[in-house]
Amino acid sequence: METKLTRIAELAKTNQDMVFTSLAHLLNEEFLIQCHHELPSRKATGVNGVTKEEYGKELDENIKRLVERLKKKAYRPVPVKRTYINKPGSKKKRPLGIPDHEDKIVQRALAKILNSIYENEFLDCSFGFRPTRSCHDALKILNVYIEGRYTNYIVDADIKGFFDNVNHEWMMKFLNKRINDPSLLRIITRFLKGGYMEEGKHFDTDIGTPQGRPPKKDHNTTPNWYKMVL
């Protein structure tokens, strides 16, 4: 699978106008089992309360059923579980969306596919939400500029509520510029529209994308595929 993703990355890099029309078939049993093993253990569970360890007890059968649903276009993500954490430097709370473990598997697979297409398009000075990069890497580069180069000013800016207000229609239009695989795009749309559960109530998600806790395993700043394309 890594060979296939590398090949996609090579094609995406050499031809920036190339549109990929066949990607959903990559979501096969071997790839999804790999994604399951790569996910960190002992993490907060989603709505169904299934842990990685519990899912792994019948991994082959669970993944087989998952692939069947994906092929039949019957797969639908479970609404994420909404929880809140303290926002650093503020009295406000940051909303987090915790997906079900099976959905985390599909999300990770989607992130790998999207990364193979879009990673080469990012500037070298970009660090947010990229694989093998972290805020510590950004601070190291910033330190080089501050201590070793002439600096007039530093701007600290933030877009208020950005991820809470992402426009689904425009996100899909953006993806359509490089991806024309209806099956894969359908899965992404279902994640966007999957909604969330809070205090036992279901809420629709017409705008925005859920934010999750950062996985320390691969030094990426988000486990969600959504931010890979923003």
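## Core, helix contacts and loop residues in a predicted model

Leaving aside its neighbours within four places in sequence, Ile179 contacts Val19, Phe20, Leu23, Leu114, Ile117, Tyr118, Leu184 and Leu185. The structure described here is a predicted model.

**The nonpolar core**

Ile179 also belongs to the largest nonpolar core, which has 39 residues; together with Leu23, Leu27, Leu32 and Leu175, Ile179 touches the most other members. At least two residues of this core come from each of helix H1 (2–14), helix H2 (29–38), helix H4 (59–71), helix H5 (101–118), helix H7 (168–176) and helix H8 (182–192). The most is given by H5, which supplies eight residues.

**Helix pairs**

| Helix pair | Axes come within | Crossing angle |
|---|---|---|
| H1 and H5 | 7 Å | roughly 30 degrees |
| H4 and H5 | 12 Å | roughly 65 degrees |
| H7 and H8 | 11 Å | roughly 160 degrees |

For H7 and H8, the axes cross at roughly 160 degrees. H7 is therefore roughly antiparallel to H8. The crossing of these two helices, H7 and H8, is right-handed. On the H7 side the contact is made by His168, Met171, Met172, Leu175 and Asn176, and on the H8 side by Leu185, Ile188, Thr189 and Leu192. Sorted by class, the residues in the contact of H7 with H8 are six nonpolar and three polar, with no charged residues. Leu175 of H7 is also one of the core residues that touch the most other members.

H1 and H5 have axes that come within 7 Å and cross at roughly 30 degrees. Here H1 contributes Glu2, Leu5, Ile8, Ala9 and Ala12, while H5 contributes Lys112, Ile113, Ser116 and Ile117. The contact of H1 with H5 comprises six nonpolar residues, one polar residue and two charged residues. Ile117 of H5, which takes part in this contact, is also in contact with Ile179.

The axes of H4 and H5 come within 12 Å and cross at roughly 65 degrees, and the crossing is right-handed. Asn62, Ile63, Leu66 and Arg69 of H4 meet Glu102, Ile105 and Val106 of H5. By class, the contact of H4 with H5 has four nonpolar, one polar and two charged residues.

**Residues in the loops**

Arg42 is located in the loop between H2 and helix H3 (52–56). Its relative accessibility is 75%, so Arg42 counts as exposed. Between Arg42 and Thr189 there are 28 Å in space, C-alpha to C-alpha, and the two are 147 residues apart in sequence. Thr189 is one of the H8 residues in the contact with H7.

Thr151 lies in the loop between helix H6 (135–148) and H7. With a relative accessible area of 35%, Thr151 is partly exposed. Apart from neighbours within four places in sequence, Thr151 is in contact with Tyr145 and Ile146.

Most residues other than glycine have a negative phi. Lys73, although not a glycine, has a positive phi of about 60 degrees. Lys73 sits in the loop between H4 and strand S1 (80–86) and is partly exposed, at 41% relative accessible area. Phe129 is not a glycine either, yet has a positive phi of about 60 degrees. The loop between H5 and H6 holds Phe129, and this residue is partly exposed, with a relative accessible area of 26%.

How values were computed: Residues are numbered from 1 along each chain as its sequence is written. This is a predicted model: local features need pLDDT of at least 70, side-chain atom pairs count only at pLDDT 80 or more; totals for chains, interfaces and linings use all residues. Side-chain values use heavy atoms; hydrogens and water are left out. A nonpolar core is a set of buried Ala, Val, Leu, Ile, Met, Phe, Trp, Tyr and Cys residues joined through side-chain atoms within 4.5 Å. Buried means under 20% relative accessible area, exposed over 50%, partly exposed in between (1.4 Å probe, protein chains only). Helices (H or I, at least four residues) and strands (E, at least two) are DSSP runs, numbered from the N terminus. Contact means heavy atoms within 4.5 Å. Axes are lines fitted to C-alpha atoms, for helices over the stretch in contact, and angles run from 0 to 180 degrees between N-to-C directions. Angles under 35 degrees count as roughly parallel, over 145 as roughly antiparallel, 65 to 115 as roughly perpendicular and the rest as oblique. A crossing is left-handed if the near helix is turned anticlockwise from the far one by less than a right angle, and right-handed if clockwise. Ala, Val, Leu, Ile, Met, Phe, Trp, Tyr, Cys and Pro count as nonpolar, Asp, Glu, Lys and Arg as charged, and the others, Gly among them, as polar.
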